[in-house]
Structure formats: structure tokens, C-alpha cells
Amino acid sequence: MEKTSLKVNRERLLETLKVSSSIGSTGNGGLNRLALSEADKNMRDIFVDWLKEEGLEVRIDDFGNIYGRRKGKKDGPSVAIGSHLDTQPCGGKYDGILGVLTALEVIRVLNENDIETEYPVEVINFTNEEGARFSPPMLGSGGITGNFSKDFIYGLKDDEGISFEQALNEINYMGDIKNRITNIKNFIELHIEQGPILHEKHKTIGIVQGIQGNDLFTVKVTGKTNHAGPTPMKNRRDALVAASKMIVKVNEITNEIPGLKTTVGKMNVRPNVTNVIPGEVEFTIDIRHEDNDLRSHAFERLKEQLSAIALMSEVELTITTDWNSETTLFAPAVKDAIKNAADEFGYSAMELFSGPGHDSKYMAGVADTGMIFVPSVDGISHNEQELTLDDDIEKGANVLLHVVQKLAKDKL
Ligand SMILES: [Zn+2]
């Protein structure tokens, strides 16, 4: 058999996805499968059964990450594939789930064709990628790659005060540190784009160049609280009026720097009373661009502009950095393999950057990593309306299969 002719089993893959879509269903086409919840446990149990049915050696590590290992001719470094099965509270049924289930489908195809790869292939489900129950996101991948300490992760609490460690024990997925994946040749993650680019450009396969860097700041504007009735306009030091002018600048700076994205997503006003002039306002600024220099240039420009507004408005300004994340670039060998696979199948493909973070961001620090994006209809994600078409799921899975064959050196 020509190895390039191998394809995934569309019906089986869609059937597997259907099972996943019923676990934690919102009843409205979406999923509520928060990390380490009862629904997550149910999904994990089924997933582990699926891995075992394929004869994989299943391991659970001390962050609850699940691995299924398929032996290679060598005991050497493995080609790891996967993503995450957890969702937002009102999330979609595709997201990272597709990355895990297409990885499982790849194993099924390799097995039924008796293909022996040079390197082992490991399927991974990472814990708490979403960060919806335990914040920050990407804890499972961040933990094994040393981006977060075990104490930090175990101590994180959800809204009900339940710690990560407790939740992991409660669903019976507390594994062993010795089960963490360590020797990794490649990590490949298939994921929905979560943005509109592939859909708008009518492309099927996204060859992800990397993950955009992202800086997060908190801005505090301090004016003077006073009564809305007697205080003349000229005597006011209204923190909210000053903050509003600043927020407009945060938005307008994107006209100066192509590709820059800025967002003010959160704001607190104090005292937040109808007849009191706001004395203090805090808001966040999220800045994203794949060019690290342009991103920091944007921040410097904003600092000047915001300081000028503060001076004119007679308010005090403090800006604190909450988060700083450089752009992650994916491995050329993986990007080439994705491009070649798409070309072989005759699928339309394009290069793009990921706006959101993914487990691949951390995995890129320990292995040659890459991502395959499939289109999100209208760019909708983290939403019950999230949709990726069956044809695109199948095509994405075919590309993943070929990339795995190539990187794990399938010798037929
Ligand atoms: Zn995801």
C-alpha cells in the first residue's frame, strides 16, 4: 500500500466526536465540561477506554494529563499529538477536542493498517487548558514543561474554593510524576482556528506559524470622588472621564501599527454610584502582535499618550504589568510537513498566526512543535454556536495523519 494513500475513517471519527458532544452537553449544541468536573471525568473515562481498546499503554501524570503510547521500532523520543478535552462553561464541542479525537483516529488508522513507525506515537489529553475553572489556562502543559510549579498549580482554587489538587483526587485522576512525558521529538496539535481568517479566505488548512505574543496591563486612574450636584465641572477630577479618553487611545493606536490588536476587557469604577463623581477607575489593556518589538513599541506609545491625558485631566496614573508573553514560533520541520500533507491531498492551505494561546505554546519549549488549524465558521468559538464542518474535520485529520507518518518515520 502506498503510504500517501492512507486516510482517516470519516464516519468513525464523526461518531467519536458525537459521543464526546453528548458528555456535558448544554442541550443547545454546546458543552459545559469544565476541567476536573464530573463531566470531564466521564469523558476521560471513555477516552481512556478508547486508548486501551487500541492497545496503547495508558499513563496519568501528577497533573491528570492522560497519555496513550503506541510503541515505535525505537524506544526513542516520541511524536506526541493531542490537545484538551475540557471546555468553557458554555463552550463549543470542537475547540481542542478535535485535536484529541483526531489524534485517536490517527492511532486507529495506524493500527488497522499494521503500520510500524520508527518513533513511538503518543496521544495526549492535557488538563485544564481552558483556564475557565482554574485560572490561568494551560496548566497541564505548563506544569510538565516547568512553566508553573506543582505547588502553584495544586494550590489554585475554583470559585467554590476547591483546589486543583482536591479536584484531581475527587475525580480519581491523580497520577504519578514519573508518568509525565519527557522524551519528545515533536508535538503536533490540531485545533479549530477560533478566528475568521480561514473561513473568510475559503481555506481548509491553517499552517500555524506560531502564537502571537500577548501583554496584559492594569491601568489605575485616580481622581477625586465628589458629589455630582454641587461640584462645578471645571473643579472635577473625574477618573472615569479620563479613563474613557485613554480607552479610546488604546483602540486608536491599532491604526498606527498594522496587525496590532488591543482590548480593554475589564473595568472597575469606584465608588460606582450614580450621583458621585468617580474617584478611581481600574481597567486592563491586552496587547497582541506577533512582532515582539512592535508590541513593546505600541506599549511605549500608549504610555506616552495615557500620561498626557492624565496630566491634562489632573488625575494620577499607574500602570502595572500583569503578564508578558513573547511570541512563540513553531518548528520549520513541522510547518513543512503540514504544508506538504495539505499539498499531497490537494487541500487549500495558508499560513497564519494564532491569536489565542494553546498547549502548543508550552510544548514548543521542549519539542519541535506545530499546529494545524481547521476553519471555524464565522470565526465563532467558546460559544455553543461554534462550528467546524465535517469535511474540514476529515481533511484536518488526514493532514495530521500524514504529518505523524512523516515525523514518526513510517517505514512501510
Ligand atoms: Zn482549545
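Guide: Buried means under 20% relative accessible area, exposed means over 50%, and partly exposed is in between (1.4 Å probe, protein chains only). What we have here is a predicted model, where local features need pLDDT of at least 70, side-chain atom pairs count only at pLDDT 80 or more, and totals for chains, interfaces and linings use all residues. Residues are numbered from 1 along each chain as its sequence is written, and side-chain values use heavy atoms, with hydrogens and water left out.

Visitor: Is serine 360 buried or exposed?
Guide: Serine 360 sits in helix 11 (residues 359–363); helices here are DSSP runs (H or I, at least four residues), strands likewise (E, at least two), numbered from the N terminus. Its relative accessible area is 0%, so serine 360 is buried.

Visitor: Leaving aside neighbours within four places in sequence, which residues is serine 360 in contact with?
Guide: Contact means heavy atoms within 4.5 Å. With those sequence neighbours set aside, serine 360 touches Phe187, Glu189, Phe330, Thr369, Gly370 and Met371.

Visitor: Which residues coordinate the zinc ion?
Guide: Donors are N, O and S atoms within 2.8 Å of the metal (3.2 Å for Na, K and Ca), and water is not among the atoms, so sites may look incomplete. The spacing of the donor residues in sequence is H-x10-D-x95-H. At 2.0 to 2.2 Å, the zinc ion is held by His84 (NE2), Asp95 (OD) and His191 (NE2).

Visitor: Is aspartate 95 buried or exposed?
Guide: Histidine 84 and aspartate 95 are eleven residues apart, both in the loop between strand 3 (78–83) and helix 3. Histidine 84 has 0% relative accessibility and counts as buried. Aspartate 95 has 4%, so that residue also counts as buried.

Visitor: How are helix 2 and helix 3 oriented to each other?
Guide: Axes are lines fitted to C-alpha atoms, for helices over the stretch in contact, and angles run from 0 to 180 degrees between N-to-C directions. Angles under 35 degrees count as roughly parallel, over 145 as roughly antiparallel, 65 to 115 as roughly perpendicular and the rest as oblique. The axes of helix 2 (residues 38–53) and helix 3 (residues 97–112) come within 10 Å and cross at roughly 20°. That makes the two helices roughly parallel.

Visitor: And which residues of helix 3 make the contact?
Guide: Helix 2 brings Phe47, Trp50 and Leu51. From helix 3 come Val100, Leu101, Leu104 and Arg108.
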